[in-house]
Every structure is written in structure tokens, then in C-alpha cells.
Amino acid sequence: MEKDFGVSITAFLFAAVDSPPVIMGTIYGDTTGRFREGASMRTSRITGVTFIDGYALFQTVAGSRYVIVSWAFGGGNLYMNRIYH
């Protein structure tokens with residue numbers, strides 16, 4: 001969580017599951033104060049993804065940016081199949 005991605009980060013998601021059009025996971029480091037540490041959450045609609053130093057950063061329609069730290073066991077990482085307009 002101390003890594004500088006060069007952009008503002010809303011929070012970090014662990015055991016993330018890609019469930020288009022959203023991402024679900026366990027949240028840590030929420031800068032908005034909406035979620036307690038370790039809570040399960042679901043993002044708003046994903047509008048884009050960028051990759052920085054091997055991390056996937058998902059942007060939402062609400063303007064949040066989430067770093068995926070780990071994917072859920074069993075192949076929850078379908079992000080490569082997403083299409084953005």
C-alpha cells in the first residue's frame with residue numbers, strides 16, 4: 001500500500017472477483033472512509049483498466065480507482081476479456 005502508482009488510489013482489493021460490470025473483493029486502505037478494513041465490497045461499474053508494474057488498476061464510473069492486490073482462488077481474474085468504450 002506504500003507503492004506510488006503516480007495516480008490517486010481509492011483502495012486496495014484482495015481476493016478480487018471480476019464480475020462484469022463490477023469488481024468484488026475484500027477492501028483495505030479505503031481513502032474515502034466508506035468501508036471498514038477487511039469488509040467485502042462491490043465497486044460501481046468499471047470503465048477502464050490500466051496496468052502499472054504488474055498491478056491492475058480499475059477505474060469506475062464514480063471516479064474511484066482500485067488496485068487489485070490478489071485475485072480470488074479459482075480464476076476470478078477475467079479482466080483480460082473486458083471491452084471498454
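1. A charge counts as over a ring if NZ of Lys or CZ of Arg is within 6 Å of the ring centre and within 35 degrees of the ring normal. Lys-3 meets this over the face of Phe-5, at 5.5 Å from the ring centre.

2. On provenance: this is a predicted model, with local features needing pLDDT of at least 70 and side-chain atom pairs counting only at pLDDT 80 or more, while totals for chains, interfaces and linings use all residues. Residues are numbered from 1 along each chain as its sequence is written, and side-chain values use heavy atoms, leaving out hydrogens and water.

3. Six strands form an open sheet in the order 3-2-1-6-5-4, with mixed pairing. Strands are DSSP runs of E, at least two residues, numbered from the N terminus; two of them pair if DSSP finds at least two bridges between them. Strand 3 (39-42) and strand 4 (46-52) each have a single partner strand, so one side of each lacks a neighbour in the sheet. From one strand to the next, the twist averages 35° (axes are lines fitted to C-alpha atoms; angles run from 0 to 180 degrees between N-to-C directions).

4. Strands 5 and 6. Their pairing is antiparallel, over 4 bridges. Ala-56 has Ile-68 of strand 6 as its bridge partner.

5. Aromatic pairs. Rings of Phe, Tyr and Trp (its six-membered ring) pair if their centres lie within 6.5 Å; planes under 30 degrees apart are stacked, over 60 edge-to-face, the rest tilted. The count is 3 aromatic pairs. Phe-5 and Tyr-55 are edge-to-face, because their planes stand at 90°, with centres 5.5 Å apart. The two residues are 50 apart in the chain: Phe-5 precedes strand 1 (11-19), and Tyr-55 is in strand 5 (residues 55-60).

6. Buried means under 20% relative accessible area, exposed over 50%, partly exposed in between (1.4 Å probe, protein chains only). Phe-5 is buried at 8%; Tyr-55 is partly exposed at 30%. Phe-58 and Trp-71 also pair edge-to-face, at 6.2 Å and 85°. Phe-58 is buried at 1%, whereas Trp-71 is partly exposed at 22%.

7. Cores. A nonpolar core is a set of buried Ala, Val, Leu, Ile, Met, Phe, Trp, Tyr and Cys residues joined through side-chain atoms within 4.5 Å. The largest has 12 residues, including Leu-13, Met-41, Phe-58 and Ile-68. Strand 1 gives the most to this core, with 3 residues. Apart from it lies another core of 5 residues, among them Phe-5, Phe-12, Leu-57 and Val-67.
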